[in-house]
Amino acid sequence: LIPFDLIPRVFGASEWRRLSRGVRQRARALNAFLYDVYHRGEILKAGIVPEALVYQNEAFLPAMVGVDPPGRVYSHVVGVDIVRTDSTHFQVLEDNCRTPSGVSYMLENREIMMRMFPQLFATNAVESIDEYPSQLKRTLQEVAPPACKGEPNIVLLTPGPLNSAYYEHSFLADLMGVELVEPGDLFVDEGKVWMRTTRGPQRVDVIYRRIDDAYIDPLAFRADSLLGVAGLFSAYRAGTVTLCSAPGAGIADDKAIYVFTPEMIRFYLGEEPILKNVLTWRCADAGERDHVLANLKDLVVKRVHGSGGYGMLIGPHASKKEIASFRQQILAAPDDFIAQPTLELSSAPTLCADSIDARHVDFRPFCLVGREIRLTPGGLTRVAMRKGSLVVNSSQGGGVKDTWVLSD
């Protein structure tokens, strides 16, 4: 269960237009970066992104070098975490290029609000988000492999009911009208992927996977994986099936790589970034590391591969013991950490017990990338339910709100 707040987060039409342009711009640049680092590496040769940061990163998959995914799209669902830093400006806290979760909350939040307060939607011009499932399906159809003739057969691959996001997996499969499959439902024969059914094997063309890279194929990656499909990666490299998102896409959302996204936009698109990054220090850099160590009590420190609010230090709220522990961790493995200022995140009115109070919020829109780039007018607003807390992750006690984008 996740707490749901009845008071929606509201964006005006002009605010959304700016956010939409900025998110689309980042999605284009991140996919261009992924194609580049797995091919010619021009941005590395230009000295903009350090080579070691890519090639020595565990998220970089050498097996993907030279692979051309359909449409050159590696990250098909890009979740961009955004914070408002003042009344008119937004900044990007991090990018999510692998399997960003939470879109089911976005859809269910709206369903709850429409059932409880139908009169609000009758009197306010709120943009609809109902098209997201059909847009996701259209995106997956657009990246079918060249070997696919006719309507592609799409499946959603889940680790199974014990996974914390299984509800979302089954929810999205149902809304798209595609099969929800577990690894045991698939097999590879003669370089093609097949699904076991009561009517015999059926060919699979596109797999929207919700399983991490390391576990998708025990023959290519972790041999001890019980979640993979033997031979799946070979079929993908041969172009007989599309994996969404592509293996190795995680290098683009690594928190150390995030620092360079504005330069990616300038390098690949020839444009100025519409949405700025939050100021970030890389502890791998000696000068920046010294600054971080000298100011730990005032900063937020994150592991570059961390997620879900784990492995973080929020300096102003940390004990001396916690700060000392992080200092030792940074000194032992500086490449594993970045730091950011403790932002005064925007807050939103939130129903707390029997009163309304301000709570900190962030925002994650979901950008779909196929032959076209699609962005549903809305997203997931996460809210820190504890007073003064800056951690909005549901795993850390955060809640959610419906997000309204007002039309002109």
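1. A quick note on terms: helices (H or I, at least four residues) and strands (E, at least two) are DSSP runs, numbered from the N terminus. Two strands count as paired if DSSP finds at least two bridges between them.

2. Before going further, some ground rules. This is a predicted model, where local features need pLDDT of at least 70 and side-chain atom pairs count only at pLDDT 80 or more, while totals for chains, interfaces and linings use all residues. Residues are numbered from 1 along each chain as its sequence is written, and side-chain values use heavy atoms, with hydrogens and water left out.

3. If you want a residue pair to click on, R303 has F337 in β15 as its bridge partner. Axes here are lines fitted to C-alpha atoms, for helices over the stretch in contact, and angles run from 0 to 180 degrees between N-to-C directions.

4. Next, the partner of α12. Helix α11 (residues 286-294) packs with helix α12 (residues 320-332) at an angle of about 170°, and their axes are 11 Å apart. That makes α11 roughly antiparallel to α12. For the wording, angles under 35 degrees count as roughly parallel, over 145 as roughly antiparallel, 65 to 115 as roughly perpendicular and the rest as oblique. R289, V292 and L293 in α11 meet R327, I330 and L331 in α12, where contact means heavy atoms within 4.5 Å. By class, this contact has 4 nonpolar, no polar and 2 charged residues. The classes go like this: Ala, Val, Leu, Ile, Met, Phe, Trp, Tyr, Cys and Pro are nonpolar, Asp, Glu, Lys and Arg are charged, and the others, Gly among them, are polar.

5. Which residues of α11 are buried? They are R289, V292 and L293. Seen down the axis of α11, its buried residues fall within an arc of 95°, so they line one face of the helix. The arc is that of the directions from the helix axis to the C-beta atoms. An α-helix has 3.6 residues a turn, so residues three or four places apart point the same way. Buried means under 20% relative accessible area, exposed over 50%, and partly exposed in between (1.4 Å probe, protein chains only).

6. There is a parallel sheet to look at too. Its 4 strands make an open sheet in the order β5-β4-β9-β10. The edge strands are β5 (179-181) and β10 (242-244), each pairing on one side only. From one strand to the next, the twist averages 30°. Strand β4 (residues 154-157) is joined to strand β9 (residues 206-209) by 4 bridges, and the two run parallel. L157 stands opposite R209 in β9.

7. Now for another helix pair. The axes of α6 (residues 132-142) and α7 (residues 166-176) come within 9 Å and cross at roughly 80°. That makes α6 roughly perpendicular to α7. On the α6 side the contact is made by Y132, P133, L136, K137 and L140, and on the α7 side by L172, L175 and M176. By class it has 7 nonpolar, no polar and 1 charged residues.

8. Strand β3 (residues 90-96) is mostly covered, with 7 of its 7 residues buried. Strand β2 (residues 77-84) runs antiparallel to β3, joined by 6 bridges, and a hairpin through 5 residues links β2 to β3. I82 has V92 in β3 as its bridge partner. β3 also pairs with strand β11 (residues 276-277), in the parallel sense over 2 bridges; here Q91 stands opposite K276 in β11.

9. A cis peptide bond joins C244 and S245, with omega about 0°, and S245 lies in the loop between β10 and α9 (255-258). R72 has a positive phi of about 60° although it is not a glycine; R72 is in the loop between α3 (51-55) and β2. E190, not a glycine either, has a positive phi of about 55°. E190 is in the loop between β6 (186-189) and β7 (192-195) and is exposed, with a relative accessible area of 70%.
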